[in-house]
Amino acid sequence: MLTSQKHLFYLPEDIYYLNNATKAPMLIAAEKAAQHVLEKQKDPSYLTSQDFFTEVSQVKSEFAKLIGAQGQDIAIIPSVSYGMSTVLHNIKARPGQQALTLQEEFPSSVFSLKRWCQSQDIELRMVGPEVGSEATGEEWNRRILEALNEDTAVLIMSAIHWMNGICFDLKAIGARCKELGIKFIVDGTQFVGACPLKVEDIQADALICASYKWMLGPYSLGLAYYGSHFEGGTPIEESWMNRTNSEDFSGLTSYDPVYAAGSARYSVGESSHFLLMPMLLEALKQLNSWGIENMQAYVKELVAPLIQFQKNLGMESESGPYFSSHLFGLKMPKQIDLEQFRIQLKENRVITALRGNSLRVSVNVFNEERDMQKLMEMIEQAAPVRQ
């Protein structure tokens with residue numbers, strides 16, 4: 001059984017950090033890796049041609065372990081929007097088709113999809129839960145499946161909803177997309193690194209992830225899995241590093257036209273990022289060492305008292321397969337002024353996020369019982385528990 005891993009992070013003792021879904025705190029090992037490489041950068045004479053590729057390859061391999069893929073299936077990206085643009089650059093729609101996404105999906109995906117729909121002259125549809133439905137997760141999943149048909153060209157969606165943590169049945173949705181020939185693109189940013197996921201199980205055509213949340217990596221780096229549909233596709237830029245003989249610096253002006261194997265063609269230029277890549281590598285190694293199943297078991301036990309507490313208060317919550325233990329929304333009692341409560345939380349060093357009409361709580365293995373207790377104390381002061 002995994003225990004608290006707070007000692008491996010830089011977190012002040014007087015802070016209650018419940019906001020991993022905005023940004024993860026830094027691992028001590030990641031900082032040390034950055035310090036080491038920063039010292040080396042003072043003298044670039046140490047660099048060899050292999051240094052441009054070795055850590056990139058290791059990062060791809062570690063990420064592939066998380067999602068049940070192969071290293072050659074992975075591309076290095078700077079952001080989710082870059083990954084989504086790459087995906088859509090390699091999908092063509094037929095006249096009369098539609099694209100589908102979720103209501104209140106993250107803006108990067110929506111903006112990318114809107115531009116693509118305009119270029120293809122097709123309609124963008126957004127599907128959400130039925131207004132007023134009490135079983136939001138169950139209802140929403142059902143409506144997604146019902147919205148998929150032969151005229152759907154592509155479905156882009158998050159693995160769980162970034163605002164409230166509602167889980168989606170990716171296996172069922174992926175199977176339906178496969179049956180209908182729909183390109184199924186998943187944003188795994190709020191899922192991968194916190195919950196077990198295998199791309200083969202969900203039959204995703206692409207899985208796009210920013211690294212600075214649940215993968216505990218740095219900002220401005222991400223990772224993407226591109227499946228068989230994208231073999232032989234066209235990248236959105238032409239990096240010299242993504243060709244078969246790019247490691248031979250003496251032969252670069254031979255202008256080898258052949259891309260490196262797998263998804264390497266889709267990696268962003270200058271993907272060797274000498275400062276950030278070692279940090280991401282340390283984070284991915286740590287995740288694989290802990291084991292995602294063990295991490296999920298830890299946070300599930302951690303938040304159990306908070307979930308019971310909110311039920312005692314009469315606060316609405318998802319449950320069962322639609323509830324995610326690492327990220328969820330607490331709908332505050334009506335007597336609580338959300339903006340004022342946010343200020344009170346901040347003054348007490350309780351770091352969360354307001355998303356819509358809910359308090360979004362996101363926890364990881366650095367959280368402890370004291371974090372849950374502090375949040376419950378703050379809520380109870382604002383809205384006493386019913387007797």
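Predicted model: local features only at pLDDT ≥ 70, side-chain atom pairs only at ≥ 80, totals over all residues.
Is Q5 buried or exposed? Q5 has a relative accessible area of 9%. The cut-off for buried is under 20%, so Q5 counts as buried.

Which residues does Q5 touch, beyond its neighbours within four places in sequence? They are W290, V365 and F366. With W290 there is also a polar contact between side chains, at 3.0 Å.

## Q103, in a loop

Q103 lies in the loop that runs from strand 3 (98-102) to helix 4 (107-120). Its relative accessibility is 37%. That value falls between the 20% and 50% limits, so Q103 is partly exposed.

Now look at M126. Q103 and M126 are 23 residues apart in sequence. In space, their C-alpha atoms are 5.2 Å apart. M126 is also one of the contacts of Q103, once neighbours within four places in sequence are set aside.

Helix 9 gives the most, with five residues. Sorted by class, the lining of the second largest pocket has 16 nonpolar residues, five polar ones and five charged ones.

## The nonpolar cores

The largest nonpolar core holds 125 residues. Which of them touch the most other members? I67 and W116 do. A second core is separate and has five residues, among them V37, F52, M241 and F274.

W116 deserves a look of its own. Setting aside its neighbours within four places in sequence, W116 is in contact with L88, I91, K92, A93, A99, I122, A153 and V154.

## In brief

Q5 is buried and pairs with W290 through a 3.0 Å polar contact. Helix 9 is the top contributor to the lining of the second largest pocket. I67 and W116 have the most partners within the largest nonpolar core.

Definitions and conventions:
Residues numbered from 1 in each chain as written. Heavy atoms only, no water. Buried < 20%, exposed > 50% of the residue type's maximum accessible area, 1.4 Å probe, protein only. Polar contact = N/O pair within 3.5 Å; in protein donor to acceptor, adjacent residues only side chain to side chain. Contact = heavy atoms within 4.5 Å. Helix = DSSP H or I, 4+ residues; strand = E, 2+ residues; numbered from the N terminus. Nonpolar A, V, L, I, M, F, W, Y, C, P; charged D, E, K, R; others polar. Core = buried A, V, L, I, M, F, W, Y, C linked by side-chain atoms within 4.5 Å.
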